[in-house]
Amino acid sequence: MGGACCVPGGSGESADAVASATHSDIPGEQMQEAVEVMTFTIVGARGFRNSDWAPGLGKPDSYVVVTSNGKELAETNVLGDSMEPLWKEEFAVENWEDGADLEFGLYDKDLIGSDLLGKTIVKYDRFKDGFNGDLQLEATGGKKYRAFLRVKIKPPNKVYPPGPSPEYSVTLKKGEFNSYGLDVDSQDPKTLYITSIAEKGPAAVWNQQATPENQLVRGDFIVEANGARADAKAITEHLKQAHDIVMKVRRGIDVTMVLEANGSMLDWGIEMPEPPKGDGVLVLAVNEPGLIADWNASTEDPVTKVQVGDRILRVGKNNGAQKVAKAMKEARGKFQVHLVRVAPEVFDREGQKKEGSSHWRFG
């Protein structure tokens with residue numbers, strides 16, 4: 001395999017343009033054989049642990065290293081102090097070895113050395129016709145961390161496929177099973193949050209035959225069932241009673257932020273179900289004054305603003321609704337908060353829903 005070059009600024013220069021540059025423009029010089037060029041873009045990362053975390057310290061200074069057959073192909077720039085780094089850096093690898101796998105490693109740059117935040121190996125068969133989507137990382141530092149790397153891969157003479165859709169359809173038949181094999185949290189009045197998928201059952205059968213972009217995943221949201229949409233009670237009833245079900249499921253996005261609380265009393269200013277139950281604390285309302293309202297006013301990034309319908313999954317190292325609720329009362333100083341929400345929808349100027357999502361994960 002040849003070396004990799006980074007296309008400046010993630011310009012999206014095509015592999016054909018890079019390959020053509022290997023041909024000589026000098027009159028009379030013999031033309032060289034076209035170079036096989038593998039092109040890939042490192043878009044962003046999310047959901048990883050904060051290896052730098054301690055009171056008073058910042059967030060990871062993250063970068064990605066891409067290797068194949070033990071050889072380093074590319075390394076992104078280091079993005080400092082971010083829990084959701086967005087690189088959008090494109091690389092071109094000349095003389096690509098057909099059939100080789102790719103390994104992606106996410107690291108935190110320290111003063112001395114680096115900490116591994118997660119890694120994954122992508123088999124050639126998965127990207128031989130192109131790839132555009134999320135890669136779930138392993139070796140993340142614990143099962144509670146669901147870390148993903150968003151990448152695009154364009155093999156020689158191919159193009160980048162369209163980005164992943166935030167919403168997909170699932171058809172399940174109950175058959176001999178008593179249920180669809182889905183555990184859900186129904187506290188939100190509009191959606192069902194998938195908390196687990198049974199190893200056996202209609203949902204597991206679906207995942208065995210579905211392509212990765214259409215597989216049910218813990219942390220997704222059921223937004224429609226047999227025509228009932230934005231009505232958690234009706235969707236739940238279909239899951240219980242219907243022998244066949246057609247669902248619309250929307251991906252969840254993860255948001256991590258660092259809050260700071262001072263004083264003896266900590267008022268988050270949010271309303272939540274009582275008693276707390278499930279995987280996390282559901283935000284029913286955001287009131288003023290309060291810690292969350294102050295945070296929303298201070299941050300310019302709309303993605304990190306806490307919204308009604310968000311689920312707070314972790315406060316510090318505490319996860320699970322009851323432990324999270326307790327940690328919310330006791331947290332002092334600086335602490336991390338991790339939440340999940342349904343992928344935001346996009347609408348045209350007339351207010352009609354469009355395909356896709358405004359979140360960078362689906363671009």
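In what order do the four strands of the open sheet stand, and is the pairing parallel or antiparallel? I looked this up in a predicted model, where local features need pLDDT of at least 70, side-chain atom pairs count only at pLDDT 80 or more, and totals for chains, interfaces and linings use all residues. Residues are numbered from 1 along each chain as its sequence is written, and side-chain values use heavy atoms, with hydrogens and water left out.

**Sheet.** I read the order as β4-β3-β6-β7, with antiparallel pairing. Strands here are DSSP runs of E with at least two residues, helices are runs of H or I with at least four, and both are numbered from the N terminus. Two strands count as paired if DSSP finds at least two bridges between them. β4 (71–75) and β7 (114–122) are at the edges with a single partner strand each, so one side of each has no neighbour in the sheet. I then checked β3 (residues 62–68), which pairs with β4 over four bridges in the antiparallel sense. Val66 is opposite Ala74 in β4.

**Helix α6.** I listed the buried residues (under 20% relative accessible area; exposed is over 50%, partly exposed in between; 1.4 Å probe, protein chains only). In α6 (residues 321–330) they are Ala321, Val324, Ala325, Ala327 and Met328. They cover an arc of only 165° around the axis, which puts them on the same side of α6; the arc is taken from the directions from the helix axis to the C-beta atoms. Gln322, Lys323 and Lys329 are exposed on the other side. The buried residues pack against β17 (270–271), β18 (281–282), β20 (311–315) and β21 (318–319), contact meaning heavy atoms within 4.5 Å.

**Salt bridges.** I searched the whole structure and found 11 salt bridges, each a side-chain nitrogen of Lys or Arg within 4 Å of a carboxyl oxygen of Asp or Glu. Asp101 forms one with Lys123, with the closest N and O atoms 3.4 Å apart. This pair links distant parts of the chain, 22 residues apart. Asp101 is partly exposed at 22%, whereas Lys123 is exposed at 52%. Asp279 forms another with Arg218, at 3.2 Å between the closest N and O atoms. Asp279 lies in the loop between β17 and β18 and Arg218 in the loop between α3 (202–209) and β13 (221–225), so the pair ties together parts 61 residues apart in sequence.

Within α6, Lys326 forms a salt bridge with Glu330 at 2.8 Å; the two are four residues apart, about one turn of the helix. I also noted a network of Glu167, Glu224, Arg229 and Arg250, joined by salt bridges that share partners. Arg250 is in strand β15 (residues 244–250) and is buried at 2% relative accessibility.
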